[in-house]
Structure formats: structure tokens, C-alpha cells
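Here are a few notes to read alongside the model.

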Amino acid sequence: MTDALPETMQAIVITEPGGPEVLQLMEQPVPRPKGNEVLIRISAAGVNRPEVLQRKGLYPPPPGASDLPGLECAGEVAAVGPEVVHWKPGDPVCALLTGGGYAQYAIADAGSCLPVPDTLSVEETAALPETVFTVWANVFDDAALRPGETLLVHGGTSGIGVTAIGLAKAFGASVLVTCGTEEKCAAAKNIGADAAFLYEEDRWEDEVAQHGGADVVLDMAGGDFVQRNLACLNFGGRHVSIAMLRGADAKINIFTIMRNRLRLTGSTMKSRPFPEKARLAADIRRHVWPKLESGDFRPVIDKVFPLAEAADAHRRMESGGHVGKIVLKAP
């Protein structure tokens, strides 16, 4: 049922590739759901690094996706497509999106939606999907982090970093992180990291070795960090790449991989097919949502901006000063 929907909405448009100033609040048509799609009336949306890349013209949306930025949101179902079975208008939901979250309404695949936990605010819930899907898919589903093992995360106070810390600790693993400043190292340890090292100054691979090595590395750095990551992985360790902030090219010692039976993998989230995201959503609902309800895991919010101030939210992210997730509040 879509008859009661407004024709237009407020949304943040990327007017041209460039700096934060190209994010402009404009009127846009309200999309209508088709097939297995859900239309969400958005209350809040998370801000993520891929959206910064999209704004710069470096990370286009997949074919058929909204060209508006925004990969996650929370709100309530406004309308559903004819093939949707498990959601109905009025249901509180959060969702992983292929785009469109910087708006008052957005389309999500029904399989990428999850219920809003009773224990969280809408802003906290909006901060969950992109990082939780990413961490669960890479650290737990792919790299199979187990209780008692050690996870190494670069960028420990980023949105991905704080989520990785929280989830790994909730499932009984130890967490080592690298950060850019002493203040961020302290913040990471306050969030739950067992140890934190300065990635520009410390020989962090030696520090990791002194802490017993790592069993899984969640790497957002790439470049010269990859060989250093491999050097501190334990026998049978798993290295997962999800970004390349230090460059896409890496020189590695293949014998290190052979000798220690290491496994290297990596992925992106936005371009994964919807059935795979639905499988991940079901696993997350089964395993992660109880941790939210018990309080063993909670999202970490850095700052909430009004939707109209999306440019300032991007400036905050690019300044590197944030600890945790940045969120936009829809009008």
C-alpha cells in the first residue's frame, strides 16, 4: 500500500564529485517499493567511509541502486512490495542499503532488514547495519574468529574498529588495535581493546608478537601494512582485507604464508547479491541481536548531525577525530 505516501522528500544529493560542500539538501521523489523491496521512513542514518569515496567520485553505486549516499538507516516500514512476506507498514526496522540513506525515505531489500532492538535508541540502531554486516561477514563468517583467539584491527576507533572490538569481546576473543594518537589508543582501550599501539610510531607487529600474536587480522590499511600483518599472524592465521587506505599494492613474502599456513581473503559489502546479504542478516539476528539485548555489545556513537548538515558530518569523518559512528538525524 503506497497511496498515503508523499510525492517528495528531503534528501542529500551529491551535486558533483568533490569536497563535503557538494552534499546539498534537495527535494527528491519518494521511491516506491517493488518486488521484495521495503520502503523505510528514515529516522536516522549512519555515515560511513564508502560514502566519502562516493562523494569524491571514487565509489559509484552498483547498477540499479540509488545514486544518493547512505548505506544504512533505521526507522519504520512505510510500504512494502508485493513479494514481501515478513515485514509490514509500521514495523520498526534498520537496514543495510545499497544507497539512499541520506534522505527521509529509502528502499531496502527485505532480506537486508533487521528489527530495531528494544534496548537501543534509533540513532544507535542506525549505526549498526553497515559495520555489523561487514565485521560479521569478514571476521566471523569468513575468518571464523573463535573464542580465545586474538583479533588485530587497524583503525581501532573508526566505525568498523569499534564494532570489531565490541563484537570480538562479546564473543570471547581478545582484541589488539592500532590507532593514530595516544588519545585514540586510550579511547580504544576504554571501549574494550586489550591493547592499542600507535600505527605510525610503534613497531606494532613486535608489540602484537609480545601479546601472543594475532589469529585474525581485519585490515583496512593495505599497502605496506599487509606484510607486517602477516609477520604477526600465528600459525593458521587469517588475514581479511576490507579497504586499502595505504594503497592497493602490497609486497608480501610468500614463504611466510606457506610456512605458517596463512589464509588471505577480502571482500566488499555493497556489491554482494541480496540473497547473500539475507543469509548474513539471518545469522546476525540469530547471533548478534541477543548480544545487543543482553548489553554485551553496544554501538559507539561519536556525534549526531541533522540531515541538512551532512557536509559537516563528512568533515568530521575526514578530520580523523571521531571515535565510533557518526549519525545523521532525519527531519
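1. A residue counts as buried here when its relative accessible area is under 20%. The model is a predicted one. In helix α11, residues 310–319, the buried residues are Ala310, Ala311, Ala313, His314 and Met317. They span an arc of only 160° around the axis, and therefore sit on the same side of α11. An α-helix has 3.6 residues a turn, so residues three or four places apart point the same way.

2. The partners of these buried α11 residues are the strands β1 (8–14), β2 (23–29), β3 (37–47), β14 (301–306) and β15 (325–329), together with helix α1 (49–55). Glycine 320 follows α11 and has a positive phi, near 80°.

3. Helices α3 (residues 129–142) and α9 (residues 274–287) pack with their axes 10 Å apart, at an angle of about 85°. That angle makes α3 roughly perpendicular to α9. From α3, Val132, Phe133, Trp136, Ala137 and Asp141 take part; they meet Lys277, Arg279, Leu280, Ala281, Asp283, Ile284 and His287 of α9. By class, this contact has 7 nonpolar, 1 polar and 4 charged residues.

4. Most residues other than glycine have a negative phi. Alanine 144 has a positive value, near 55°. Alanine 144 is in the loop between α3 and β8 (150–154), and counts as partly exposed because its relative accessibility is 30%.

5. Arginine 261 also has a positive phi, near 50°. The loop that holds arginine 261 runs between α8 (254–260) and β13 (263–266). With a relative accessible area of 63%, arginine 261 is exposed.

Terms used: Residues are numbered from 1 along each chain as its sequence is written. This is a predicted model: local features need pLDDT of at least 70, side-chain atom pairs count only at pLDDT 80 or more; totals for chains, interfaces and linings use all residues. Side-chain values use heavy atoms; hydrogens and water are left out. Buried means under 20% relative accessible area, exposed over 50%, partly exposed in between (1.4 Å probe, protein chains only). Helices (H or I, at least four residues) and strands (E, at least two) are DSSP runs, numbered from the N terminus. The arc is that of the directions from the helix axis to the C-beta atoms. Contact means heavy atoms within 4.5 Å. Axes are lines fitted to C-alpha atoms, for helices over the stretch in contact, and angles run from 0 to 180 degrees between N-to-C directions. Angles under 35 degrees count as roughly parallel, over 145 as roughly antiparallel, 65 to 115 as roughly perpendicular and the rest as oblique. Ala, Val, Leu, Ile, Met, Phe, Trp, Tyr, Cys and Pro count as nonpolar, Asp, Glu, Lys and Arg as charged, and the others, Gly among them, as polar.
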